[in-house]
Each structure stands twice: as C-alpha cells, then as structure tokens.
Amino acid sequence: MRRCIVHIDIDAFFAAVEELLDPSLKGKPVIVGGLPHERGVASTASYEARKYGIHSGIPLHKAYQLCPDGVFIRGNYQVYRAFSERFLEICSCYTPDVESASLDEAYLDLSRCRPLYPCFSRAVQDIKRRLERELGLTVSVGVGSNKTLAKLATNRAKPGGLFEIQPGKEEDFLKDLGIELLPGIGPKAQVILRMLNIHKIGDLWGLPRATLRSLFGLNGEAIYLQARGVDSRPLATAGLPKSVSRESTFLEDIWERRLLLAHLAYLCDRLTLALRKDRLFAHIVEVKVRYSDFKTEGRRRLLVSPLQDMGEIFRVARELFDGLFTGSRLSLRLVGVKVSDLVRGRPLALFEPYSPRRERLGSALDRVREKYGFGSLLTVREKMLDEIYSLEKRQGFILKTASLTK
C-alpha cells in the first residue's frame with residue numbers, strides 16, 4: 001500500500017521564536033546567531049532578512065554588510081529546545097512513527113494509522129492547523145510517498161504552505177526541479193553535472209545508472225533512485241542517539257590555559273546533564289580545538305567502562321585537551337567536547353563493588369538546578385567564566401552563539 005510520509009518544517013525557526021517573544025521584531029530583518037561584531041555565522045534569518053541575501057551559514061560580518069539595519073540576536077538554545085519538544089509532542093499525538101530530523105524539522109509516517117484517518121489530506125491539514133495554533137509559529141508541510149518526495153514537497157510549500165504530491169504525479173513534480181534540491185547532490189556534484197548540461201532532475205533520467213556510479217560511487221546509486229522518486233528508507237523512530245556534543249566559539253582568541261579549561265569544564269557539565277536526562281553512558285570521549293589560524297584538531301579516547309559523571313568525563317577531556325594544547329604557540333578560537341558509543345546503563349566489571357553515590361549526586365544536582373536554575377550550582381573552575389560572560393541563574397553562562405552551543 002502507498003505510504004503517506006509527512007515532512008514538517010518550522011519556518012525560520014529561531015527568528016520566528018524571537019519574534020513571538022518580542023512582537024516588536026515582526027516585519028524587521030532578524031538574524032540569529034550572534035552580534036555583528038562577533039565571530040561566527042548566522043543560524044537563522046527571518047524572511048525579511050533573506051531579501052538582503054542573508055541565509056543560514058553566512059558570516060555575521062558579511063550579514064551586517066548586507067543589512068546594517070538588521071536586528072542581530074545571539075539566541076537562546078534552551079528556549080528553542082522547549083518549543084521543539086512541544087512541536088514533537090504534538091506530532092506524536094497523530095502517529096507513533098515520528099522522526100526528529102532537527103530542532104525544527106520532523107517526518108511523520110501516517111501509513112500504519114490508516115484506519116484512523118479515512119482521508120490523509122484532512123489529517124495533515126489538521127496537524128498543520130494545530131501546530132500553528134499551539135506553537136504560535138508558521139510551519140511548511142509536504143506530503144509524499146517517501147521521505148525524499150515529502151522533503152521536496154515542503155520546499156515547494158515554503159513559506160507557510162502545504163503541498164501534497166498526488167499519486168501518479170511524482171514524475172511531473174520532479175522533472176522541472178533543479179538538481180541542487182535533490183539530497184546527495186552537493187556543490188561539487190552540481191559542478192560535474194552542469195558540465196554535462198544537466199540542470200534539472202528530469203535531465204538526470206537520461207544518465208545510465210552505471211554512469212552515475214562511476215561519477216559518484218555508491219552515492220550515484222542513491223541519486224539514480226531518488227531522481228526517480230524511489231526512496232525506501234524507513235523513519236528513524238527508535239534507538240539511542242549516536243553522540244552528544246557541546247562546543248563554543250570564543251568572543252576573542254584565548255591563550256590562558258585556566259580559562260580554556262573553564263570553558264571545557266562548563267561544556268562537560270552541560271553535556272553530562274543531557275546524558276543523565278536520557279540515562280546514557282559514553283564509551284568514547286573526544287575533544288576538539290580550533291586554533292587562531294583556523295586549523296582544527298581533535299583527540300578521542302575509548303573507555304573500558306562507560307562514563308556519565310561530569311568529574312570523570314572532564315578528567316578524560318582535560319587529558320585529551322592537554323595533548324592538543326601543550327606546546328602550541330597559537331591561541332584558540334573554539335573548544336568542544338563530544339561523547340559517543342552511547343549505552344543505556346553501565347555494566348559492572350568483575351568484582352567491582354556497586355556504589356550509587358555518583359548517580360545520586362547527579363540526580364540531586366539536577367533537582368536543585370531544575371528548581372533554582374542551572375547557574376545556581378557551578379564548580380569553582382566554571383565560575384572563572386565570570387570574567388568573560390554574564391551569568392543568568394536560570395540559564396547559566398550565555399556563551400557565544402548560545403543557540404548552537406546548547
């Protein structure tokens with residue numbers, strides 16, 4: 001039976017939330033991601049800002065050149081996360097098959113709920129109306145028989161519309177779309193294809209499968225199928241996250257080791273909060289640094305016994321950081337920590353005595369912070385960041401591009 005896949009995207013998510021919280025921003029070009037004199041790139045731009053050529057990923061200084069009258073906002077990840085969680089809750093009311101693609105994007109598979117929805121089109125309209133009513137945000141919705149078609153339909157629906165690809169009309173829909181819209185065709189692949197005078201998806205149909213494989217390897221196989229509207233991928237609705245990471249770009253390059261370690265400790269604290277929330281333990285700890293010359297390096301360590309405790313993860317991260325920073329003559333512009341190979345629960349080693357002390361301490365910290373704010377409990381090392389950032393009891397330190405560093 002034909003699948004019914006719904007793709008939903010909140011329009012200009014970060015900027016839309018800021019406008020909802022501050023109605024005076026409506027109608028103004030809003031750029032979220034940082035202030036114009038700061039480093040970094042724009043996370044989201046409102047549609048008014050996009051008229052000036054501003055888009056996600058554009059450097060902030062360039063955005064300011066294009067739109068000096070724009071409203072630049074650093075952003076608040078915790079607020080966006082709260083909206084995102086409510087977004088997914090509403091989607092889950094209509095089907096258990098929901099895949100969160102990002103904070104502002106989700107796929108829904110209504111196929112198994114066919115007995116509940118005699119008309120899928122009406123159900124999708126109801127979902128859209130409820131999301132916009134309860135969130136106060138505008139969403140774009142696309143409907144197709146698979147994930148690729150649903151995503152492309154959403155692109156057609158933007159901003160704020162709903163577009164459904166009717167059965168049997170897939171070929172008519174695809175043939176005139178630009179190749180840049182197809183997943184898997186990046187800038188380099190576009191150059192190659194345009195040299196072959198291929199500019200639309202319909203033009204791809206003339207290339208044999210073997211030719212695409214010779215040009216792009218295994219990705220050529222996916223391009224061949226998706227260009228014809230074939231995509232059998234299921235929704236990723238279950239399983240543990242692959243990794244959890246936190247990183248921050250500094251307002252200015254930092255050389256002083258104690259401040260660098262203060263950043264690292266704070267990021268480890270934020271990271272382990274997420275681990276405890278989902279009851280996860282990590283087998284791999286990785287540290288990333290970016291030097292003032294933009295060279296990026298990282299080190300990782302595989303642990304015999306998985307960790308969740310902030311102190312233990314920071315100890316490993318500090319050793320990895322020392323290996324990257326010791327002997328370097330360059331200051332740093334970014335530091336980050338990442339954990340992966342996650343498991344739910346930590347098995348005890350042979351003859352290892354069980355002690356719930358660390359787990360109880362972590363739970364107690366979370367309860368205090370939930371009541372009084374994240375900034376109410378910080379280590380002495382983390383408090384060194386007072387020299388650089390403002391501290392809010394509820395949210396903690398407001399780091400550079402807080403919307404991205406979580």
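Reply: Let us begin with strand β10 (residues 281–291) and β12, which pair in the antiparallel sense over 10 bridges. The model is a predicted one, in which local features need pLDDT of at least 70 and side-chain atom pairs count only at pLDDT 80 or more, while totals for chains, interfaces and linings use all residues. Residues are numbered from 1 along each chain as its sequence is written, and side-chain values use heavy atoms, with hydrogens and water left out.

Me: When do two strands pair, and how are strands named?

Reply: Two strands pair if DSSP finds at least two bridges between them. Helices (H or I, at least four residues) and strands (E, at least two) are DSSP runs, numbered from the N terminus. Here, the bridge partner of Y291 in β12 is L332. Strand β9 (residues 243–254) also pairs with β12 in the antiparallel sense, over 8 bridges, and S243 has S340 in β12 as its bridge partner.

Me: How many residues of strand β12 are buried?

Reply: Buried means under 20% relative accessible area, exposed means over 50%, and partly exposed lies in between (1.4 Å probe, protein chains only). Strand β12 (residues 332–343) is mostly covered, with 9 of its 12 residues buried.

Me: What is the strand order in the open sheet of 5 strands?

Reply: The order is β5-β6-β1-β7-β8, and the pairing is mixed. At the edges stand β5 (98–102) and β8 (162–164); each has a single partner strand, so one side of each lacks a neighbour in the sheet. From one strand to the next, the twist averages 15 degrees. Within this sheet, strand β1 (residues 5–10) and strand β6 (residues 105–109) run antiparallel and are joined by 5 bridges; the partner of D9 in β6 is E105.

Me: How is the angle between two helices read?

Reply: Axes are lines fitted to C-alpha atoms, for helices over the stretch in contact, and angles run from 0 to 180 degrees between N-to-C directions. Angles under 35 degrees count as roughly parallel, over 145 as roughly antiparallel, 65 to 115 as roughly perpendicular and the rest as oblique. The axes of helix α4 (residues 77–92) and helix α5 (residues 120–135) come within 10 Å and cross at roughly 150 degrees. That makes α4 roughly antiparallel to α5.

Me: Which residues in α4 and α5 meet?

Reply: Contact means heavy atoms within 4.5 Å. F83, R86, F87, I90 and C91 in α4 meet R130, L131, E134 and L135 in α5.
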